[in-house]
Amino acid sequence: MSVMVKENPISEKDMVAQAETALADISRVRDGVGRVIFGQEAVVERTLVALLAGGHALLVGVPGLAKTKLVETLGVVLGLDSRRIQFTPDLMPSDILGSEVMEQDEAGKRSFRFISGPIFAQLLMADEINRASPRTQSALLQAMQEYHVTIAGVRHDLPAPFHVLATQNPLEQEGTYPLPEAQLDRFLMQVDILYPEIEAERRILLETTGIEDATAQNVLQPVRLKEIQTLIRRMPVPESVVDAILKLVRSARPGQGNTETDKHVAWGPGPRASQALTLCARARALYDGRLAPSVDDIRALAEPVLQHRMALTFAARAEGTTVRDVVAKLAKGI
């Protein structure tokens, strides 16, 4: 007979003490990233929120907006073992997962040995993921969901924590393989990277074209990141925030009584969107120095969490309506 043992709930006093320590650590992380990445505060916030929530993020932006620099900086600041894969159409699953090779010892005995691929990292940058074939995309995205790979029937667990920050270029789509909707859903957030403000771009010009370039410094360890991720999952969520999440996600689905959604949306987000909003709202609250999320967090996170989990009708696209327009209207209604 098995007995289920429940984890002892953390006391409010201990929660506050742990949160205050985490706030100091997150503040050091923000400062560390800010020394290298100028401007793009919203991008840095959303990407860090995705990592603090324990998920993966899809970074979408034109070339030259420091997507690679951001991922490299996060790896150094957070103390994560980082790897980068440049996706191309001829990339095979074994190129990222690893493969078995046959070896022969001095006695002439032959055996297979597994050589791990670059996916065995704590922070993986999947550069231009939509340029890889669907077969290779599926291999990566399965690992993102299950946190292990299976080679020749043998399971190999990925390191913990394990995060994927994938990039896409929204301009050039020739020769690409767009990610299927079910695979997009595995990304906690889609972070759109826009052109920097003029003052941020001025600072970039002045500080990155001289002899010395700013370098990132490590301020956190992977074990500490895991502890903060666990703390975030323990943070209380007010009933009003839960109601706001349910109202927002359900209103984004056709057939739920929302006239605008029925008119413009072909299909809407599933329960995984609600889970993502809950986790990200907790992480954003802690990122901002608060011990519990608010409805404002849900409004701020609506676009990055929902936009890649929805599709518009042909009529809506023909009218020039975008997913961001629909999500913005829905977010105002909660």
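**Strands, hairpins and helix packing in a predicted model**

Good morning. I begin with strand β3 (residues 98-104) and strand β4 (residues 110-116), which pair in the antiparallel sense over seven bridges. Two strands are said to pair if DSSP finds at least two bridges between them. Helices and strands here are DSSP runs, numbered from the N terminus: helices are H or I with at least four residues, strands are E with at least two.

Some words on the source. This is a predicted model, in which local features need pLDDT of at least 70 and side-chain atom pairs count only at pLDDT 80 or more, while totals for chains, interfaces and linings use all residues. Residues are numbered from 1 along each chain as its sequence is written, and side-chain values use heavy atoms, with hydrogens and water left out.

There is a second hairpin to consider. Strand β6 (residues 148-151) and strand β7 (residues 154-157) pair antiparallel over four bridges, and Ile151 stands opposite Val154 in β7. Two residues lie between β6 and β7, and Ala152 in the turn has a positive phi of about 55°. Tyr147 is a residue other than glycine with a positive phi, near 60°. In the loop between β7 and β8 we find Pro161, and a cis peptide bond joins Ala160 to Pro161, with omega about -5°.

I turn now to the sheet. In general, the strands of a sheet pair through backbone hydrogen bonds, either parallel or antiparallel. Which order do the strands of the open sheet take? Its five strands follow the order β2-β5-β8-β1-β9, with parallel pairing. At the edges are β2 (82-86) and β9 (189-192), each pairing on one side only. Neighbouring strands of this sheet are turned by 20° against each other on average, direction ignored. Inside the sheet, strand β5 (residues 123-127) and strand β8 (residues 163-168) run parallel and are joined by four bridges; Ala126 has Ala166 of β8 as its bridge partner.

Two helices lie across these strands. Helix α2 (residues 41-52) lies across β1 (57-60), β5, β8 and β9, and runs at about 160° to β9. Helix α3 (residues 67-77) lies across β1, β2, β5 and β8, at about 170° to β5. For these angles, axes are lines fitted to C-alpha atoms, for helices over the stretch in contact, and the angles run from 0 to 180 degrees between N-to-C directions. Contact means heavy atoms within 4.5 Å.

Next, helix against helix. Helix α1 (residues 12-34) and helix α8 (residues 222-234) pack at about 130°, with axes 11 Å apart. The angle makes α1 oblique to α8; angles under 35 degrees count as roughly parallel, over 145 as roughly antiparallel, 65 to 115 as roughly perpendicular and the rest as oblique. The α1 and α8 crossing is left-handed, a term used if the near helix is turned anticlockwise from the far one by less than a right angle, whereas clockwise gives right-handed. Residues making the contact include Met15, Ala22 and Ile26 of α1, and Ile228 and Leu231 of α8. By class, the contact of α1 with α8 has six nonpolar, two polar and three charged residues. Here Ala, Val, Leu, Ile, Met, Phe, Trp, Tyr, Cys and Pro count as nonpolar, Asp, Glu, Lys and Arg as charged, and the others, Gly among them, as polar.

The last region comes from a record. An unreviewed UniProt entry lists residues 259-329 as "domain: ChlI/MoxR AAA lid"; UniProt positions are in the numbering used here, feature names are shortened, and annotations may be inferred rather than shown by experiment. Over residues 259-329 the chain is 66% helix and 7% strand, with the end C-alpha atoms 12 Å apart.

Helix α11 (residues 271-287) and helix α12 (residues 295-306) have axes that come within 9 Å and cross at roughly 130°, which makes α11 oblique to α12. The crossing of α11 and α12 is right-handed. Among the residues that meet are Leu277 and Cys280 in α11, and Ile298 and Leu301 in α12. The contact of α11 with α12 divides into twelve nonpolar, no polar and three charged residues.

Finally, the axes of helix α9 (residues 239-251) and α11 come within 10 Å and cross at roughly 145°. The α9 and α11 crossing is right-handed. Ile245, Leu248 and Val249 in α9 meet Ala273, Ser274, Leu277 and Thr278 in α11. Thank you.
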